[in-house]
Amino acid sequence: MRFGVIRFPGSCDETDALLACRRYADAEILWHGDRDLDGVDAVVVPGGFSYGDYLRVGAIARFSPIMEAVTEFAASGGHVLGICNGFQVLCEAGLLPGALLPNAGRRFLCRQVDVEVARADSPFTRAASAGQVLSIPVKHTTGRYHAPAHVLEGLDAHGQILLRYAPGHNPNGSEDDIAGVTNEAGNVMGLMPHPEHAVDALTGSEDGGVIFESLASVAVAA
Amino acid sequence: MKARVLIRPKEGILDPQGQAVERALPALGFAGVEDVRVGRMVELEVEDSSQIEAMCQKLLANPLVEDYEVQLVDL
Amino acid sequence: MSASPHRVLGLTDSEYELICQKLDRDPNGLELAVFSLMWSEHCAYKHSKKLLGRLPTEGPHLLMGPGENAGAVDVGDGMAIAFKVESHNHPSAVEPFQGAATGVGGILRDVFAVGARPIAVLDSLRFGELESARSLYLLDGAVSGIGHYGNSIGVPTVGGEVYFEAAYEQNCLVNAMCLGVAEHRRLTSAAAAGVGNLLVLMGARTGRDGIGGASVLASAELDAEDESKRPTVQIGDPFEEKKVMEACLELLDRGTLASLQDLGAAGLSSSSSEMASKGEVGLDIDVSAVPLREADMEPFEIMISESQERMLAVVEPGRLAELTEVCQRWEVRASVIGAVTDTRHLRVLDGDAVVGDMPVDALVDDCPLYDLKPAAPEAQVYPAPKRVLESEDPAQILPALLGSPNLASRRPLFEQYDSLVQSRTVRRPEQADAAVLALYPEHKAEPGTPRKGIAVAIDGNGRRVACDPYTGTVEAVLECAANLACVGAEPLGLTNCLNFGNPEKPHVAWQLERSVQGMADALVELGVPVVGGNVSLYNESGGGPIYPTPVVGMVGAVRDTALAPGYGFGRAGESVALVAARGAQVSARGSELAKLAGEELPLGLNPIDVAAVREVIELVREAAGSGALRSAHDVAEGGLATALAECVLAGGVGADVAWDGDDDPVQLFGEGAGRFVVSGPAEAIDALGPLATRIGTVGGHELVIGPLSWTVDELRAASSALAPAFA
């Protein structure tokens, strides 16, 4: 099984995502300028400041050539994981519902938080269990999840909310404490916390590994 | 033709930057200020002003969470 | 009649005459501008160079010493760590966000200019007291600026320090340190080489940033309206720098470049002269080939512009195509702007016309160096701090200390920094006395295989150096080594930034001379060389000079980062011990307690037995590095009680410490070098030998010191005093 991690100009956590993926499967970097996903089994859109966050976070990256390929891949059921800036890019691209807005505290915030797994029957969380608490760091300025009220109701009803910040751990004012969501088909996920920074006990927790582990097992079967 | 696009957070969306400015002004002696919203301004020179609407929809603004207003400035 | 241009530019009459001699004629406007910058204190170290010669620059792990963009030490496996600290004090006082941001940008460029990938940033900040709205504004701006630049470019900010003293009200200090990793073979010198090789300018376009003061040289047609076109503030673009960094690192990896230099203070003029001087060559530069951001820039403006995110490379003509291809892929501008010659001159051309011609030696090596004329002051020159302590009762003093801006938790600051990117951070801010980084984040844990890494700390001292420049500086060096010892790291090298007032004043000259001597003596005793550094002088205004503030950054090797202790107490039942150097003294002189009490600053601190402190540092380093200790913490500002409180807060668990009833505040809160608080199993404590004294036991939800006690919640509430500054 092979992960493809996209590198945009300004991506920062793509190497970290690559290292995390490699603990569970093969992985390679995909260049933003290519229209070809090189036959990977799952795509990771990483964190960072693609295009300097110019105009709006993720607004420019979503138009890069690689994103055309990612859109087609997602439309045909391929698994796509967007982390932090990647989540922002996927929302801008219309592959995920909602938008990410400036943190309620207005500042960049880097902190270890607890997130609760809302459902474990998704390709991204099948290696975890429902209700499991994962300790994962967040580090962002623009992570407040927002969607119109009727959209939020729909997300809940369709089981598209995969991760919520544990009580007292919401770092940015996200509606309904939402930390991670999927699209309606369930094959595209975005989350603000950085699971790739929670895969090695040496540097913190290993809780983030379940997301890569889940994807690695599912994308092979697909 | 010069155009100016003003982009601001939609009503009802929490705008912490706007709130911070609204709090800071009275502290500096300016009373009676309400409803501050902080946004962005994009200035551009275009040949065909009918395209600006599409530019806003596609790139300059995120219509899900932002309102925008286009001003055309005669050169 | 207006003042002579050379005086307006900061040159003395005798310096001007010397320039005329070297050129054998009067300098033209461009040449005058270039000389005025190259011969400025900032570029030429006129008042400090002779003194810096006292610092030790040799060591068994040293790979690159002072004189290059950054120094470097060997960390084994053919790997090197390059590092340096630099100041950006004056720009930060003008515009703290951009000043601090571009300070980070500049030090990052110095590190990747030698071929090392930046892996961490630390910062040392000093502002006036927080009662002042201006200091709050500078603090907020500087922290945001550092975060903005470091976070955007993907380099973690892993440590730092911040202090608040009235002496810095008019002159804040922003010192930024960076470290990078490289294979030995990739370390690159900035010496230009190869007559006929091409000079290439990479990165951002050149505008009028930083020109400000040289506007007197503008041609007569420009008028007052153009003031706004010559900003003194440099604006940083971390996104541009990220692209430039990746392009440079790839070029160095491939061996495409003959040499590389970053553009910092004085822009093209200093980078080119220094490259030519190191390489003993000449350079021809054609300013008409420099990509510009502003219309109608004059040649002198192009030469001295401080526009950010630019690098200067030397490349063989045959490898230019390779350079161009790599830069295009990374979307980085690259323009051939000149060539290496054998003239030993820096010649500036505008197309075909020669608009400046200066001997390189005159610009770089022949700048006059001045002897300091130090004279010890008869009395303390700094006023006493304002008294803020409300009670002499020790039970009230500890919360007062913890709540004072110099000691309160820095969490509201460091949570604005990404301390995790690059996946190396084993010990994060406020977990251990030094940041600990893994050298090989890609390795997976294997039983029995140590996870090699490095430790880094930055420490400075202002008020205590104002009390005693020699001893205060010795203390700063020892404290940095002690912080490294607490995570089991042996120091490999040191970088320093000397922040002082006007060295032409005898008491400042005395501070500078005594401080450098103290640093030299301490480093010789510790066996640690200086790999490079920076000097920032003239930090003073109407209110007088800043406290003399040497800032040191040390890098050390960690055998197994998994074993590096933090400073939080861990398990109930474990022992707490005080480990002290033979003859270690504590005193209230120059302490944080004395400051809160509004006491006059003394002249002189108790002398330090450096050999004895070295012994205890090595003892703690050995024990910490072996994994035997649960926690290790250097006892510094605020004394023993403060250190114990910090251990309790970091661990989230209390401790019961015996005290023989004598609640003499000096014993609880006095300061002095060579003391540590450690915790661990009783056997581990006993194994430390006679320098360690068991003083208590971990457990409970309170810090108990003899008859005194405070709950963990009380201590945490006191320690959260900086949060309102960032609300």
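Author: In this predicted model, C:Leu62 has C:Val73 in β2(C) as its bridge partner. That pair belongs to the join between strand β1 (residues 62-64) and strand β2 (residues 71-76) of chain C, which is antiparallel and runs over two bridges. The two strands form a hairpin, with six residues between them. In its turn, C:Gly67 has a positive phi of about 120 degrees.

The next step is β2(C) to strand β3 (residues 79-87) of chain C. The pairing is again antiparallel, over five bridges. C:Ala72 has its bridge partner, C:Ala82, in β3(C). This too is a hairpin, with two residues between the strands. Here C:Asp77 takes a positive phi near 60 degrees.

On from β3(C) comes strand β6 (residues 173-183) of chain C. Nine bridges join the two, and they run antiparallel. C:Phe83 of chain C stands opposite C:Leu179 in β6(C).

Now the whole sheet. Six strands of chain C make it up, in the order β1-β2-β3-β6-β4-β5. The sheet is open, and its pairing is mixed. In general, strands of a sheet pair through backbone hydrogen bonds, either parallel or antiparallel. At the edges of this one stand β1 and β5 (157-164) of chain C. Each has a single partner strand, so one side of each is left without a neighbour in the sheet. From one strand to the next, the twist averages 25 degrees.

What packs on the sheet? Helix α7 (residues 96-113) of chain C lies across β3, β4 (117-127) and β6 of chain C. The helix runs at about 25 degrees to β6(C).

Chain C also has a helix pair to look at. Helix α9 (residues 238-254) and helix α12 (residues 320-329) of chain C pack at an angle of about 145 degrees. Their axes are 9 Å apart, and the crossing is right-handed. From α9(C), the contact uses C:Ala247, C:Glu250, C:Leu251 and C:Arg254. Facing them in α12(C) are residues including C:Leu323, C:Val326 and C:Cys327. Charged residues are there too, among them C:Glu322 and C:Arg329. By class, the contact has five nonpolar, no polar and five charged residues.

Technical notes
Residues numbered from 1 in each chain as written. Chains lettered and ligands numbered in written order. Predicted model: local features only at pLDDT ≥ 70, side-chain atom pairs only at ≥ 80, totals over all residues. Heavy atoms only, no water. Axes fitted to C-alpha atoms, helices over the stretch in contact; angles between N-to-C directions. Helix = DSSP H or I, 4+ residues; strand = E, 2+ residues; numbered from the N terminus. Left-handed = near helix turned anticlockwise from the far one by under 90°. Contact = heavy atoms within 4.5 Å. Pairing = 2+ DSSP bridges.
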